[in-house]
Amino acid sequence: MANNQNLLSKLPKVDKILSEQRIINLDVPRNLLMDAIRETLDDYRENIKSGKLNEIDYEQIINAIVTLTYNKNKNHLKRVINATGTILHTNLGRAVLSKSAIEAVVEVASKFNNLEFDLNMGERGSRYSHVEKIICKITGAEAAMVVNNNAAAVMLVLSTLSKGKEAIVSRGQLVEIGGSFRVPAVMEQSGAKLIEVGTTNKTHLFDYENAITENTGIILKVHQSNFKVLGFTKEVALEELVELGQKYNIPVVEDIGSGVLIDFSKYSLSYEPTVQESIKKGADVVTFSGDKLLGGPQAGIIVGKKKYIDMMKKNQLTRALRIDKMTLAALEATFKLYIDEEKAIKEIPSLNMITMDISTVQKKAKKLQRLLKNKLKLKAKINIQSDVSQFGGGAMPLETIPTYVVSIKPNDKKIEEVEKCLRMQDIPIIVRVYKEQILLDLRTIFEDEYEIIVNSFDKIL
Ligand SMILES: *Cc1c(COP(=O)(O)O)cnc(C)c1O
């Protein structure tokens with residue numbers, strides 16, 4: 001006990017720490033530095049009292065304070081390297097923005113802008129005006145509007161067209177997406193009454209027709225997105241629902257989840273229904289996400305018949321779900337790239353990754369393997385293997401894309417430890433672990449990230 005008291009009194013005084021050159025050199029707010037000093041000394045005090053520490057190393061204390069200050073000063077939300085091969089990884093921020101989208105955000109956010117100002121008339125304008133025309137041009141819809149995300153879009157559509165009324169949905173489409181979007185829960189929140197029809201695996205047109213009453217608000221079709229029912233199944237095609245809707249004068253709404261705007265089958269991927277197709281088939285309203293296969297910012301896009309979109313613009317809920325100027329800037333720039341499909345494929349990073357030729361991925365893998373071998377020499381076995389990448393983001397669950405990975409098997413470090421160290425880097429590297437190897441999928445790694453990866457492995461191994 002006496003020894004503890006003795007040690008406690010040997011802890012450096014705050015003034016002494018503050019006069020240390022390495023502390024003076026820290027370019028951080030003083031408040032933050034004082035927090036770091038206090039927390040570090042508190043830690044030491046605890047450890048002394050509990051007998052975990054029986055000597056004091058002054059240099060170690062200063063090091064701990066410098067590291068803690070540095071970590072406190074860093075942003076909590078930061079870039080990471082996605083070596084997982086999952087292209088639209090919801091945990092890793094989904095779509096990476098194109099260069100033109102980022103430039104648009106910077107320009108609009110760093111100065112004043114015409115967000116709600118009509119430059120022609122010199123009077124108040126609508127924030128939706130900036131994107132409505134381009135979205136209509138690309139999707140073929142009559143009208144469009146945008147909100148915070150697709151969950152908000154569905155909520156707004158239901159609230160506008162089906163509040164206090166019945167919304168008919170197939171049982172096979174009452175899905176949960178990303179843990180927090182559940183079709184039945186969203187319906188309840190919006191005030192629409194859910195009328196489930198059919199069974200999990202089969203729903204027929206007559207199931208819908210039998211459920212129609214004078215209190216029916218909408219017929220809703222939801223894309224299953226993150227799962228598939230295989231075998232003895234039947235979904236009613238959109239065209240048939242549209243015909244039914246027209247017969248009873250009930251709007252047909254489709255939540256297609258991922259906003260695919262190009263025909264993926266042209267790029268030897270399996271065909272995924274596009275927004276344009278849903279509009280062409282006569283859906284009254286279609287909703288989709290901005291940051292899934294569209295490759296833009298987080299947003300919910302609503303397209304369809306003008307009379308319905310106009311009703312949504314007037315809904316009070318719209319104000320609470322409204323989209324931010326930075327998102328609008330990024331969204332406009334992203335849609336503009338779709339005017340020329342080739343340009344979209346080239347410049348929208350997620351589309352570029354999805355359509356990247358396997359031989360290009362292999363070349364990238366060989367390059368990274370060479371760089372790693374040069375640096376790590378004999379510290380690990382470094383090979384190339386073929387593997388598969390995933391779409392992610394609740395899109396195309398069964399579909400995988402062939403890819404190449406660089407596999408790293410450290411000679412004398414535990415794989416879990418290496419994986420954790422990679423995650424704790426200044427620029428964290430998120431990887432797959434398989435059979436005692438670290439796998440780096442080259443489909444989602446940018447070329448300018450090789451050096452960071454190589455240097456991190458060098459440091460860790
Ligand atoms: C992803 C998805 C949503 C939710 O979209 P967010 O933009 O994440 O809010 C809703 N419906 C479907 C069918 C989806 O795939």
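**Domains.** I looked up how far apart the domain centres are and found that, taken over C-alpha atoms, 54 Å separate the centres of domain 1 and domain 3. The model is a predicted one, in which local features need pLDDT of at least 70, side-chain atom pairs count only at pLDDT 80 or more, and totals for chains, interfaces and linings use all residues. I noted too that residues are numbered from 1 along each chain as its sequence is written, and that side-chain values use heavy atoms, with hydrogens and water left out. The bounds, which come from an automatic or database domain assignment, are 2–73 for domain 1, 81–89 + 354–460 for domain 2 and 97–347 for domain 3.

**Strand β14.** Two strands pair if DSSP finds at least two bridges between them. β14 pairs with β2 (residues 86–88) in the parallel sense over two bridges, and Leu88 has Gly392 as its bridge partner. Eleven bridges join β14 to β15 (residues 400–410) in an antiparallel run, with Ser389 opposite Ile401.

**The open sheet.** Next I traced an open sheet of seven strands, in the order β5-β13-β12-β11-β10-β6-β9, with mixed pairing. Its edge strands are β5 (143–147) and β9 (193–197), each of which pairs on one side only. Within this order, β6 (residues 166–170) and β10 (residues 216–222) pair in the parallel sense over three bridges, and Glu166 is the bridge partner of Thr216.

Technical notes: Helix = DSSP H or I, 4+ residues; strand = E, 2+ residues; numbered from the N terminus.
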